[in-house]
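Me: I'm new to this one and would like a walk through it. Could we start with the picture and then go step by step?

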Amino acid sequence: MLKGFTAPRSLLGAAALVPSPPWHFAGDVLAVEFWNDPDVSVHTLPTGVELDKKCPGHSVALFTDYQFTAQNNEYLDPARYQSRGFSVLLDAMWKGSRIAWCPYCYADNDAALMRGWIQGYPRKFGAVHQTRTFATASAASAPLAHGSRFSACMSAHDRLLVQARVTLREKAERLVGLLDRRIVGRRYFPRLCAGMHDKPAVDELVRCVSDHLLITNIWIGEGELNFPEAYGEELEVLGPLKVGRGYRFSFSYSVTDIEILADLTAQQSRLIQKARSGLRQE
Amino acid sequence: MLKGFTVPKSPFGQAALTPPPPWHYAGDAVGVEFWTDPDATAATLPNGLSRDPKSNGHAVMMFLDWQFTAQDDEYLDPARYQYREAFILVDAMYCDVPVMWCPYIYVDNDAALARGWTQGFPKKMGSIFQTRSYAASGPAAAPVASGSRFGASLSVHGQRLAEACVTMHKPVENGLFLLSRPTVLLRYFPRLAAGYQDKPAVNELAMSITDNLTVADAWIGKGELKFPEANGEELDALAPKRIESGFRYSLSYSVSDLKILEDHGS
């Protein structure tokens with residue numbers, strides 16, 4: 001009997017890309033809020049998700065530098081279980097509730113890629129870097145203090161996709177207007193059988209469930225952000241028309257579950273049935 | 001309407017990890033044919049496959065240096081569409097059909113990872129290298145000739161998983177002899193909803209369909225192969241007991257379909 005939460009399933013279950021949930025994350029974030037063209041960003045939304053008309057085009061560029069563990073001291077294997085990531089989140093609505101839609105997402109580690117697909121984040125590989133803060137005072141230590149500057153960038157296949165900078169201005173108790181919406185993604189797994197390439201085996205709209213979310217050491221300041229154009233990507237069309245605040249904070253949370261909002265394969269087969277019965281009636 | 005064969009689906013379909021099939025591959029292979037512990041190969045088999053009583057424990061370790069293209073000149077974007085791969089195939093039976101099963105496979109590129117998951121190859125990221133052959137002769141050129149040696153290695157997250165060396169002795173007429181069995185794979189994609197984490201959304205035993213498989217410049221000779229032990233991996237359980245041969249060839253093929261043998265989904 002093969003074991004493992006994901007492929008490759010193996011005798012001991014030690015070879016799987018990702019251990020079973022609960023999954024625990026702890027890390028640092030550099031984020032920049034911005035506004036893109038809602039007439040363009042609307043085209044990244046799946047069926048059933050709409051832009052939030054109260055804040056059209058409002059988005060967040062999120063760089064994470066984090067450590068993962070499950071039940072087996074995975075955090076003591078830093079080569080395999082530390083990861084850096086980048087996500088874009090768009091302010092959106094699902095059936096009247098405020099959500100954040102994730103159209104694009106990158107990580108630098110294969111376990112993170114697989115966790116992403118399982119959670120509905122459409123992850124690809126990217127090289128992601130951000131300035132870190134160190135305890136000893138030095139010109140290189142980037143302290144959490146007024147005026148400190150933090151940069152981040154993401155590139156994929158040697159093409160620069162995102163550059164950001166945050167200049168810290170004030171410490172804050174809460175993240176005002178950032179990450180106050182649950183993230184919605186799309187679990188999608190295609191078929192390869194001939195004739196079925198456009199009929200995915202899995203196509204679900206899902207809302208992430210985060211347990212024990214803790215956000216601390218929050219600093220807010222000015223943000224700078226740009227999305228250079230790159231072949232094989234469509235990130236640049238979501239680029240900023242206006243850039244807002246920049247944020248730097250630390251976070252931790254756990255994942256043991258996910259909320260399925262809609263099975264888009266069922267909608268697909270219902271539409272096909274409807275079309276067929278329509279034809280019969282004619 | 002979002003487009004794309006895989007995630008991320010996007011307005012123009014340019015952002016997807018991999019373009020839709022047909023997929024075309026061309027590359028060089030260095031491999032070692034060997035025998036390992038039959039209980040260890042049997043322990044890697046999924047439901048639906050059984051031991052091959054005639055060749056239980058027989059396996060092949062392959063290292064590949066690939067170039068990929070679909071319909072849009074992807075081969076002219078080498079950063080994104082060249083990749084290196086290492087995998088092991090073990091002999092098995094599907095009903096009364098002799099097949100090869102792929103328990104472990106590694107690549108160094110995300111597009112290859114996504115294509116692999118779609119086909120049922122359980123790909124993880126690895127760092128893979130093989131000696132290449134160059135046209136201008138010299139001590140570093142590694143010609144395709146008798147006595148030439150080709151090394152290959154696989155490492156993952158800073159740990160060595162496999163090391164191989166092939167010494168070429170003679171060309172072979174039929175380079176396809178090691179690929180005569182079809183490869184069987186497991187398309188597996190879990191659910192994350194609480195209570196369903198052991199009930200995968202996709203759990204299909206599949207047989208790969210390769211079109212226009214072509215082999216050129218095939219050589220056979222001596223093989224050497226080691227699987228050092230590594231944390232978070234189980235490849236070393238399949239370490240060689242006896243080595244049959246080493247080989248090197250160039251190959252190409254296309255993929256546009258997959259045969260689902262059994263749906264084990266709930």
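Reply: Helices (H or I, at least four residues) and strands (E, at least two) are DSSP runs, numbered from the N terminus. This is a predicted model, where local features need pLDDT of at least 70, side-chain atom pairs count only at pLDDT 80 or more, and totals for chains, interfaces and linings use all residues. Residues are numbered from 1 along each chain as its sequence is written, while chains are lettered from A and ligands numbered from 1 in the order in which they are written.

Me: In which sense do β11(A) and strand β12 of chain A pair, and over how many bridges?
Reply: Strand β12 covers residues 202-208 of chain A. One bridge to look for joins A:Tyr188 to A:Asp203 in β12(A). The pairing of β11(A) with β12(A) is antiparallel, over six bridges.

Me: Which residue in β11(A) is the bridge partner of A:Ala100?
Reply: Strand β5 (residues 97-101) of chain A runs parallel to β11(A), and three bridges join them. In β11(A), the partner of A:Ala100 is A:Ile183.

Me: How many of the residues of strand β11 of chain A are buried?
Reply: A residue is buried if 20 or more other C-beta atoms lie within 10 Å of its own, exposed if 12 or fewer, and partly exposed in between, with C-beta atoms placed from the backbone. Strand β11 spans residues 182-189 of chain A and is mostly covered. Its buried count is seven of eight.

Me: What about A:Arg248, is it buried or exposed?
Reply: A:Arg248 sits in strand β14 (residues 242-255) of chain A. Leaving out residues up to four places away in sequence, it touches A:Val29, A:Leu30, A:Phe150, A:Val166, A:Leu168 and A:Trp219; contact here asks for C-beta atoms, placed from the backbone, within 7 Å. With 26 other C-beta atoms within 10 Å, A:Arg248 is buried.

Me: How far apart in space are A:Arg248 and A:Lys171?
Reply: In sequence, A:Arg248 and A:Lys171 are 77 residues apart. From C-alpha to C-alpha, the distance between them is 9.6 Å.

Me: Why is helix α3 of chain B described as largely enclosed by the rest of the structure?
Reply: The helix covers residues 110-119 of chain B. Its buried residues include B:Leu113, B:Arg115 and B:Trp117. Just after α3(B) comes B:Gly120, with a positive phi of about 105°. The helix counts as largely enclosed because its buried residues number ten of ten.

Me: Which residues have the most contacts inside the largest nonpolar core?
Reply: A nonpolar core is a set of buried Ala, Val, Leu, Ile, Met, Phe, Trp, Tyr and Cys residues joined through C-beta atoms within 7 Å. The largest one has 155 residues, and strand β4 (residues 82-94) of chain B gives the most to it, with nine residues. Among the residues that B:Trp101 touches are B:Leu45, B:Leu89 and B:Val184. Those with the most contacts inside the core are A:Ala61, A:Val184 and B:Trp101.

Me: Which element gives the largest share of the side of chain A that touches chain B?
Reply: The contact takes 49 residues from chain A and 50 residues from chain B. Elements giving two or more residues to the chain A side include α2 (78-81), β7 (123-125) and β15 (258-263) of chain A. The largest share, five residues, comes from α3(A).

Me: How many helices and strands are there in chain A, and why is it called as compact as a globular protein of that length?
Reply: The radius of gyration (taken over C-alpha atoms) is compared with the globule rule, 2.2 Å times the number of residues to the power 0.38. There are four helices and 15 strands in chain A. For its 282 residues the rule gives 19 Å, and chain A is called that compact because its own value is close to this, at 20 Å.

Me: Which element of chain A has the lowest mean pLDDT?
Reply: pLDDT is the predictor's confidence in each residue, from 0 to 100. Chain A averages 93, with 95% of the residues scoring at least 70. Strand β6 (residues 105-107) has the highest mean among the elements of chain A, 98. The lowest, 67, belongs to helix α4 (residues 264-281) of chain A.

Key
Two strands pair if DSSP finds at least two bridges between them. Two residues are in contact if their C-beta atoms, placed from the backbone, lie within 7 Å.
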